[in-house]
Amino acid sequence: MAAPTINAAPDTEITVKANGTTTKATLRWSKSMPRERTAQFQQAQAMLDSEVMRVMEPYMPLNTGMMIASMQSATHPGSGEIHVNTPYAAKVNYISGIMGKNGPNRGRRFFDRMKADKLAYFKAFVAKALGAKSK
């Protein structure tokens with residue numbers, strides 16, 4: 001996944017007509033806005049990737065810990081993708097992961113279950129990272 005990039009729109013002129021009066025305004029982006037926002041979004045993406053891995057770990061099946069170690073070494077925070085690079089990860093996730101072994105939340109479909117449980121938390125996390133209010 002490519003890093004997010006912000007492009008500033010050209011000057012935009014807005015015309016409003018109401019009660020026989022016409023008002024015009026021009027919207028201009030700061031020249032530094034694309035660079036600043038791109039850096040801000042890239043930093044927020046890296047923070048989100050790291051937080052997803054941290055929050056997802058208690059949901060992942062745990063036998064030897066190789067899947068968790070693989071996720072931590074194969075994922076590059078900021079890429080927008082979480083990788084679990086073991087040959088058996090797909091089978092464990094979709095078919096044979098034992099639910100509840102070594103922890104009540106551990107088992108198959110770990111990302112889907114974690115996301116269902118924590119989506120509101122992640123929305124608030126990203127909003128805070130971007131300096132916005134979450135809805």
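**Stop 1: the whole chain**

Before you click anything, remember that this is a predicted model. Show the chain as a cartoon and colour it by secondary structure: you're looking for four helices and two strands. In which order do the elements run from the N terminus on? Follow the chain and you'll read β-β-α-α-α-α. The chain has 135 residues, and 26% of them are buried. Now think about contacts between residues with a separation of 6 or more: 54% of those in the chain come from residues 24 or more positions apart.

**Stop 2: the loop between the strands**

Select strand 1 (12-18) and strand 2 (21-27), then zoom in on the loop between them, where N19 has its place. What is the phi of N19, which is not a glycine? It's positive, about 50 degrees. Here's some background for that: most residues other than glycine have a negative phi.

**Stop 3: helix 1 against helix 4**

Hide the rest and keep helix 1 (33-56) and helix 4 (110-129). These two helices pack at an angle of about 145 degrees, and their axes are 10 Å apart. Is their crossing left-handed or right-handed? Helix 1 and helix 4 make a right-handed crossing.

Show side chains where the two helices meet. From helix 1, pick residues including A44, M47, L48 and V55. From helix 4, the residues in this contact include F110, M114, Y121 and F125. Colour the contact by class and you'll get 14 nonpolar, one polar and three charged residues.

**Stop 4: the second largest pocket**

Which element supplies the largest share of the lining? That's helix 4, with five residues. Helix 1 and helix 4 each supply at least two residues of this lining.

**Stop 5: the largest pocket**

Time to move on to the largest pocket, with a volume of about 260 Å³. Helix 2 gives the most, with three residues. Colour the lining by class: eight residues are nonpolar, five are polar and one is charged.

Now click on V92, which sits in helix 3. Is V92 buried or exposed? V92 counts as buried because its relative accessibility is 15%, and the cut-off for buried is under 20%. Try the distance tool too: the C-alpha atoms of V92 and M67 are separated by 9.7 Å, while the two residues are 25 residues apart along the chain.

**Stop 6: two last residues**

Go back to helix 2 and select Q72. Q72 is exposed, because its relative accessible area is 52% and exposed means over 50%. Draw a line from Q72 to N85: they're 13 residues apart in sequence, and the C-alpha to C-alpha distance is 9.6 Å.

Finish with R109, in the loop between helix 3 and helix 4. R109 is not a glycine, yet it has a positive phi of about 55 degrees. With a relative accessibility of 37%, R109 counts as partly exposed.

Note on methods:
Residues numbered from 1 in each chain as written. Predicted model: local features only at pLDDT ≥ 70, side-chain atom pairs only at ≥ 80, totals over all residues. Heavy atoms only, no water. 1 Å grid on protein atoms, 1.4 Å probe; cavity = no way out; pocket = protein on both sides within 12 Å on 5 of 7 lines; lining within 4 Å. Points joined across faces, edges and corners; volume = space filled by probe spheres on them. Nonpolar A, V, L, I, M, F, W, Y, C, P; charged D, E, K, R; others polar. Axes fitted to C-alpha atoms, helices over the stretch in contact; angles between N-to-C directions. Left-handed = near helix turned anticlockwise from the far one by under 90°. Contact = heavy atoms within 4.5 Å. Buried < 20%, exposed > 50% of the residue type's maximum accessible area, 1.4 Å probe, protein only.
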